[in-house]
Amino acid sequence: MKSLFFTGKGGVGKSTLSSAFGYQLSQKGYKVLIVSLDPAHNLGDIFNTRLKNREIKFAENLFLAEVDLSKASKKYLKENTKVFEEVYGYLKVLNLDRYFNVLKYTPGMEENAALIEIERIFTEGIKYDFIVFDTPPTGITLRIMALPTITVNWLEQLIGIRKQILEKRYTIRHIRDGISTGDEKLVYNELDDTVIKKLYLMHEKYKKLDSMIKGENNTVSVVFNPDFLSLRESERLISSLDELGIPVRLAFNNKYDSCLSEDADKIEKQLFAGRSGIKNQRIGFADHKNSPGYSIPADLTEYYLQEY
Amino acid sequence: MKGIIRKIYRSVIFFISSLDQAHRMKAAEVTEYELRELENLFVLLLMGSFTGIPSPSSLVSAELIPHLGREIQLLNKRAEEAFDAFNEIAGTIGID
Amino acid sequence: MTTLIVILGALIYIGLYLKYGKSLEKNVVKATNQNDAPSKTYYDGVDYVPSKAPVLFGHHFASIAGAAPIIGPVLAMAWGWVPALLWIWFGNALIGAVHDYLSVMASVRYDGKSIQFVASDLITKRSGKLFYWIVFFLLILVIAAFAAVCAGMFVGNPAIPTSYILKICAALILGVLIYRVNMNFTLATVIGIVMLVLALWGGAMMPITASRKTWLAVFFFYIIIASAVPVNVLLQPRDYLNSFLLYAGLILGALGAIFSFKGFTAPAFTTFSPIVMGGNPTPFWPAIPLVIACGSLSGFHSLVGSGTTSKQLAKESDALPIGYGAMLTEGFLSTIVVVSVAGFGFGIMKDAGMTISAAGWGTEYTPAMMKSFPSAAMFTESYAVMVASTWLKFIPTSAVKLLAGMWVSSFAMTTLDTTNRLGRYCFAEIMLPLKGKSESAYKFFTNKWIASLVPALIGVWLAWSGSFTIVWPSFGSANQLIASMALLTGASWVTKKLGAKGTAVMIPAYALWVTVTAAIIWFSAVILPASIQKNPSTGITLLVIEVVMLLMNVIFIIDFIKSGKKEVKS
């Protein structure tokens with residue numbers, strides 16, 4: 001299973017390109033899933049069908065899904081609430097458990113929810129050859145991409161402190177050598193400490209997600225237009241992804257027009273300065289005489305399939 | 001006579017074992033204090049909303065809470081006594 | 001005579017413990033094991049843990065005993081040994097030990113809260129805050145006094161600095177063995193003791209000679225570095241090693257004093273006002289508490305007693321042997337110091353070529369001592385000669401001298417950096433009112449490095465420029481002020497909460513307050529102006545500190561008297 005993210009400023013044509021890309025892959029006989037994480041939800045419109053959170057089979061080898069982030073974050077919070085309710089189950093007796101509903105209004109949960117969904121899609125999606133993601137606007141995308149790294153780092157810090165705690169407990173026990181002070185039940189072995197075990201488990205989970213996003217099987221592409229507004233945002237996007245250790249490998253200069261070729265050259269030059277690893281493709285109004293209007297090349301996927 | 005010897009023997013053993021205990025406790029004392037503060041910090045970091053920084057995943061904290069009884073108790077105690085901690089730390093590390 | 005006095009001292013302490021201490025427990029505090037101690041009520045296996053009485057005694061004693069009970073009595077010998085011993089015996093049992101015991105018990109009945117908390121509850125809110133101010137000055141003055149002591153010791157016996165550096169190395173190694181490698185504890189201890197002996201030997205082999213000011217500069221950097229490293233790297237293993245120096249010193253000293261059978265060469269009584277502070281005549285009353293602090297009375301004990309000891313006390317009846325008893329034990333240590341100097345000090349000063357006579361002792365002792373054996377060196381020298389005068393003479397005198405020197409300087413050096421650690425915290429505490437008023441100033445002063453530098457800088461600088469006989473009583477004044485405030489708090493607790501008449505506590509509390517206040521006024525009005533003429537900046541700094549402390553002392557007593565009139569519902 002390989003995956004591909006289409007990122008970029010709103011309106012540059014991410015949905016169009018990701019749909020075309022996915023469709024072309026499926027035409028070549030690969031089993032493909034296209035997932036839209038974009039709240040604008042153009043995917044259904046493009047294929048002229050109604051989509052849901054769960055993937056549906058659209059054609060032979062082509063599956064589609066639309067993740068509704070606000071719904072997903074509600075679901076995520078519900079799970080969260082469930083954990084609380086499980087722990088404090090006795091509150092049911094007093095009907096106090098309903099107060100955990102407050103959690104539903106916790107702000108800023110969309111990224112968490114999106115990540116959980118991506119993880120689910122990754123783990124359930126082994127049956128596909130390719131998963132193509134259409135992403136939400138730049139800000140949210142960056143936060144989603146950053147989350148696994150941040151969480152892994154945070155968990156590593158916590159694990160570090162926990163290890164120190166356990167080591168100190170061991171040292172104290174060792175020095176005390178049987179002098180009772182009442183804290184005999186304190187665990188000092190990593191194997192007995194539920195807390196560190198859980199931390200490791202979560203660490204493993206996020207690490208896996210992190211390496212999936214950063215790994216060889218995942219490709220991040222950036223879609224931009226040959227105008228300077230889109231250039232600025234794309235520059236920021238590429239450098240932010242670089243900082244996260246997620247290199248952009250493909251770029252699509254969408255809505256290119258040959259009469260804009262001077263601008264396009266300048267923009268591409270600026271955008272890819274010092275970045276040799278990005279393969280750029282121009283898409284759009286290629287030649288006014290032969291094929292009028294906007295058209296998508298017959299094969300977008302050639303380079304990608306060759307290299308990755 | 002035998003009783004007296006046994007009594008002396010017993011008190012000597014008691015003295016030595018007390019001495020040993022006092023030494024062990026002295027050697028562990030500051031580490032114990034450090035441990036408590038580490039445990040306290042651990043929960044404080046875990047409960048992001050306490051420190052004002054939302055932690056990356058509140059699910060992590062939610063799952064760990066049931067296993068952190070002692071640490072949370074410590075957090076409580078520290079919150080209550082933090083303003084009155086000077087003497088304890090002074091007594092622990094000692095200045096005179 | 002030496003032997004006689006040591007035994008007499010022990011008997012007086014035992015007698016007062018049984019007579020006075022027990023009646024205090026029974027009639028005033030009415031300690032009863034029917035009340036659960038906080039270690040049981042609040043038992044959590046964490047802070048509140050009941051400890052066995054002997055263990056807690058050792059712990060409490062180790063916390064309160066240091067270098068101070070040695071240095072004070074050496075200076076006080078200017079009055080002759082009788083006045084010094086009177087204050088050490090009766091001042092201790094009737095005031096100092098009462099103060100320690102009440103601090104522990106008040107804290108016990110206050111669920112293990114600090115004496116500052118008790119003060120802010122019983123007197124006024126600000127009374128508790130006043131403590132922190134004086135404690136902060138105390139911390140600065142402790143650095144000044146102990147840096148001066150250590151510098152004197154390091155110059156006086158060049159083997160000590162080497163031994164001390166080697167001991168630091170030994171502590172670092174021991175720290176790794178115990179806290180990193182988790183070696184068998186007994187084995188690690190044995191290795192530690194062996195390294196300690198090697199450090200002593202190494203010091204004798206390779207002495208380092210440097211000037212007083214060089215050492216003070218070194219101390220400054222030592223304080224900053226040592227107070228910044230993790231506690232179980234240096235602080236904890238070093239304190240652990242120190243306890244063995246303390247045992248060796250105490251046992252040798254007790255044996256030496258008991259078996260020396262030597263007459264006193266120093267006079268029993270010189271004059272009411274011999275030369276002590278800053279080369280000026282110093283009256284016994286009110287000045288004595290500024291000179292002999294620990295050994296008779298120390299305010300710092302109230303902090304320890306109400307900080308850790310009260311939380312670990314298993315039952316109320318343990319408080320007397322621990323709070324009262326440990327203080328008497330410290331007084332016993334001071335007794336040994338007086339005995340050794342009284343018995344042997346005269347001889348060794350003569351051997352050092354000083355002109356001193358029994359008749360002119362009052363005026364000649366302090367200058368001669370400061371010249372030949374500054375600060376605690378007077379004690380370590382006479383201690384070594386005392387031990388050598390008994391059947392223990394098979395131990396080389398230089399070795400005993402070095403051991404005693406290491407004992408005193410190790411405890412004093414330890415104090416330097418732990419004090420600095422506490423200073424940081426205390427500084428932040430007293431700067432709290434700045435918050436909200438001047439945010440930037442608050443930020444500046446509570447910065448970890450600034451808060452660490454300020455006490456170290458002022459302290460070392462005072463030691464650098466000030467004369468020891470002025471710096472030491474300044475330290476004493478802050479210490480005794482805290483003691484006076486803590487004893488007043490204890491008295492307030494006895495009368496308000498226990499409903500006892502409390503004359504047994506009220507009289508010493510007022511007597512102490514009057515004495516300490518008079519002493520500080522006299523010190524500021526007579527000694528410091530003379531000092532300002534010699535060294536303006538140091539003198540003025542000290543004067544400012546003394547005046548501020550005096551002001552707080554007055555605020556405290558006013559609040560105390562006012563609050564005493566109000567009835568407290570219990």
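**Figure 1. Ile507(C) in helix H21 of chain C.** Ile507(C) counts as partly exposed because 13 C-beta neighbours lie inside 10 Å; a residue is buried with 20 or more other C-beta atoms within 10 Å of its own, exposed with 12 or fewer, and partly exposed in between, the C-beta atoms being placed from the backbone. Helix H21, which holds Ile507(C), covers residues 503–534; helices (H or I, at least four residues) and strands (E, at least two) are DSSP runs, numbered from the N terminus. Gly58(C) is 449 residues from Ile507(C) in sequence and 31 Å from it in space, C-alpha to C-alpha. This is a predicted model, in which local features need pLDDT of at least 70, side-chain atom pairs count only at pLDDT 80 or more, and totals for chains, interfaces and linings use all residues. Residues are numbered from 1 along each chain as its sequence is written, while chains are lettered from A and ligands numbered from 1 in the order in which they are written.

**Figure 2. The largest nonpolar core and a second, separate one.** A nonpolar core is a set of buried Ala, Val, Leu, Ile, Met, Phe, Trp, Tyr and Cys residues joined through C-beta atoms within 7 Å. The largest has 282 residues, and those touching the most other members are Met77(C), Ile134(C), Ala144(C), Ala147(C), Ala376(C) and Ile482(C). With 22 residues, helix H7 (residues 125–156) of chain C gives the most to this core. Leaving aside residues up to four places away in sequence, Ala147(C) touches Leu216(C), Phe219(C), Leu416(C), Gly459(C), Val460(C) and Ala463(C); contact requires C-beta atoms, placed from the backbone, within 7 Å. The second core has five residues, among them Val30(B), Tyr33(B), Ile93(B) and Val231(C).

**Figure 3. The side of chain C that touches chain B.** Here 26 residues of chain B are in contact with 44 residues of chain C. On the chain C side, elements giving two or more residues include helix H3 (53–64), helix H8 (159–180) and helix H17 (397–430). H17(C) supplies the largest share, eight residues. This side has 21 nonpolar, 17 polar and six charged residues; Ala, Val, Leu, Ile, Met, Phe, Trp, Tyr, Cys and Pro count as nonpolar, Asp, Glu, Lys and Arg as charged, and the others, Gly among them, as polar.

**Figure 4. Chain B and its helices.** Chain B has five helices and zero strands, and its pattern along the sequence is α-α-α-α-α. Of its 96 residues, 35% are buried.

Definitions and conventions. Contact = placed C-beta atoms within 7 Å.
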